[in-house]
Amino acid sequence: MASAAAEVEELQQLIEHAAQGMPVAQYNLGRRYEDGDGVVQDQAEALRLYTQAAAQGYGEGQHSLGMIYMTGNGVAHDEKRAARLFRQAAKQGLACA
């Protein structure tokens, strides 16, 4: 198990990389905000980060954003938008999309 200091450093690096526009970091940080993993759960921040990752063509970000629109968790339920995001994720090779 990682030490608390190592977990804080990992989170800080993830925040920095997300701020630099790295889609993998944006997705991973979004997942943490969605789940409340090491941060205060914040659906709006998860949505913002997934949107950034998805806009850069990152399949996992597209899929997660699609799930938010499919469930209407923190946003208006929008099946058409969700389906479009799932198709985009599938084009990126994401098998679960």
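Helix axes are taken here as lines fitted to C-alpha atoms over the stretch in contact, with angles running from 0 to 180 degrees between N-to-C directions. The structure described is a predicted model. In this model, helix α3 (residues 43-55) and helix α4 (residues 59-71) cross at roughly 135°, and their axes come within 8 Å. Since angles over 145 degrees would count as roughly antiparallel and those from 65 to 115 as roughly perpendicular, α3 is therefore oblique to α4. The crossing of this pair is left-handed. On the α3 side, the contact is made by Gln43, Leu47, Tyr50, Thr51, Ala53 and Ala54. On the α4 side, Gly61, Gln62, Ser64, Leu65, Ile68 and Tyr69 take part. Sorted by class, the contact of α3 with α4 comprises 7 nonpolar and 5 polar residues, and no charged residues are found in it.

Helix α1 (residues 4-19) packs against helix α2 (residues 23-35) at an angle of about 125°, the axes lying 8 Å apart. The two helices are therefore oblique to each other, and α1 passes α2 in a left-handed crossing. Residues Glu10, Leu11, Leu14, Ile15, His17 and Ala18 of α1 meet Ala25, Gln26, Asn28, Leu29 and Arg32 of α2 in this contact. The class composition of the contact of α1 with α2 is 6 nonpolar, 3 polar and 2 charged residues.

At the level of the whole chain, the secondary structure consists of 5 helices and 0 strands. The order of elements from the N terminus is α-α-α-α-α. The radius of gyration of the chain is 14 Å, close to the 13 Å that the globule rule gives for 97 residues, so the chain is as compact as a globular protein of that length. The C-alpha trace spans about 45 × 25 × 25 Å along its principal axes. Of the 97 residues in the chain, 37% are buried. Among contacts with a separation of 6 or more, 33% are accounted for by residues 24 or more positions apart.

Apart from neighbours within four places in sequence, Gln43 is in contact with Glu34, Ile68, Asn73 and Gly74. One of these, Ile68, belongs to the α4 side of the contact between α3 and α4, to which Gln43 contributes from α3.

Glu45 is likewise found in helix α3. With a relative accessible area of 19%, Glu45 is also buried. Glu45 and His77 are 32 residues apart along the chain, and their C-alpha atoms are separated by 18 Å.

Gln52 has its place in helix α3 and counts as partly exposed, at 27% relative accessibility. The C-alpha to C-alpha distance between Gln52 and Asn28 is 12 Å, the two residues being 24 apart in sequence. Asn28 is one of the α2 residues in the contact with α1.

How values were computed. Residues are numbered from 1 along each chain as its sequence is written. This is a predicted model: local features need pLDDT of at least 70, side-chain atom pairs count only at pLDDT 80 or more; totals for chains, interfaces and linings use all residues. Side-chain values use heavy atoms; hydrogens and water are left out. Helices (H or I, at least four residues) and strands (E, at least two) are DSSP runs, numbered from the N terminus. Angles under 35 degrees count as roughly parallel, over 145 as roughly antiparallel, 65 to 115 as roughly perpendicular and the rest as oblique. A crossing is left-handed if the near helix is turned anticlockwise from the far one by less than a right angle, and right-handed if clockwise. Contact means heavy atoms within 4.5 Å. Ala, Val, Leu, Ile, Met, Phe, Trp, Tyr, Cys and Pro count as nonpolar, Asp, Glu, Lys and Arg as charged, and the others, Gly among them, as polar. The radius of gyration is taken over C-alpha atoms; the globule rule is 2.2 Å times the number of residues to the power 0.38. Buried means under 20% relative accessible area, exposed over 50%, partly exposed in between (1.4 Å probe, protein chains only).
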